[in-house]
Amino acid sequence: MMHLPNHWPYIAASYALTLGCSLVLGVGAALRLRKSKARLAAVEGHARRRERSAS
Amino acid sequence: MRPTPNLLHRYANPGQFLRLARTLLPWLTGGAIVFLVVGVIWGLFIAPADWQQGDTVRIMYVHVPMAWLASSCYLGLAICGVLSLVWRHPLADLAAIEIGPVGACAAALCLITGSLWGEPMWGTWWVWDARLTSMLVLFFLYLGHIALIRAFDEPARGQRAAAILALAGVIDLPIIKFSVQWWNTLHQPDSITLTGAPTMSMMMLWPLLICTIGFTLGVAAVIFTRLSAAIHESRARQMMARSRLDRRDSQAA
């Protein structure tokens, strides 16, 4: 039987990089969405308070 | 302004898009996690080793989906370019800003995992092969698009220039696809085609398809999330600008 050298470091590096980058992109996008929603809610709340005080 | 087709017009409304994203996101995210867990375990531990490549063939289960996604995301950029230039679709420019970095990431991962496969198999990290070079050109097109869309003080100018670049660069997609047929390349020919039977074992084809579906759903979820965040950020910016104007008006009065 043909002997094949151990290539697992290359395989592990490929999977780690791909899954790691996917995880970073996914978590980064989720955190950004949460932050943007909170910011919009704060801005809307501020605008509502201003309108109420003006009226 | 030209009339917009019905379907495009429907989702030109950011509120409508946010409702669609809220419905789709849990399904896209859940589907991506399930498909990726099954695909990665199958690809790493269950699929057989290749008689020639040995276990290195397992790199294909992440390399091929990244190549597919890099090309698909660029096609998405080009479609956004058409929607922006022809119909001035309000979400197209925002979508182009959000798709660019995700596609660049897929192209970079495709090149890196390809190198990690090439070193043990070809004995080199890189060759100036037609397939590899055209994929490198795609990565540079992504970088150019990302830089150009943010390069101007007036965002509309950057978005217009980037849309033109996306449309011009789409010529690279058929070059990537057919490079292995048009030129004598070191890169192997396509194992899966639309017209012919796959040239690989079904035991390898299944995990490849499952990983491809998983990464595609994941990238769709990331793009929907980024685009939703961009819409929220844009609304917050508009409201802050309006309140600043109101404050200035009341001070002037």
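1. In this predicted model, 32 residues of chain B are in contact with 26 residues of chain A, two residues being in contact if their C-beta atoms, placed from the backbone, lie within 7 Å. On the side of chain B that touches chain A, α2 (14–46), α3 (60–87), α4 (90–122) and α8 (202–252) each supply at least two residues, and α8(B) gives the most, with 14 residues. Helices here are DSSP runs (H or I, at least four residues), numbered from the N terminus.

2. Residues are numbered from 1 along each chain as its sequence is written, and chains are lettered from A in the order in which they are written. Local features need pLDDT of at least 70 and side-chain atom pairs count only at pLDDT 80 or more, whereas totals for chains, interfaces and linings use all residues.

3. Helix α6 (residues 155–169) of chain B has 15 residues and reaches 21 Å from its first C-alpha to its last, close to the 21 Å expected, which is 1.5 Å times one less than its number of residues.

4. Within α6(B), the residues Q159(B), A162(B), A163(B), A166(B) and G169(B) are buried, that is, 20 or more other C-beta atoms lie within 10 Å of their own, with C-beta atoms placed from the backbone. Seen down the axis of α6(B), these buried residues fall within an arc of 135° (taken from the directions from the helix axis to the C-beta atoms), so they line one face of the helix. They pack against α3, α4, α5 (130–149) and α7 (172–182) of chain B.

Key: A residue is buried if 20 or more other C-beta atoms lie within 10 Å of its own, exposed if 12 or fewer, and partly exposed in between; C-beta atoms are placed from the backbone.
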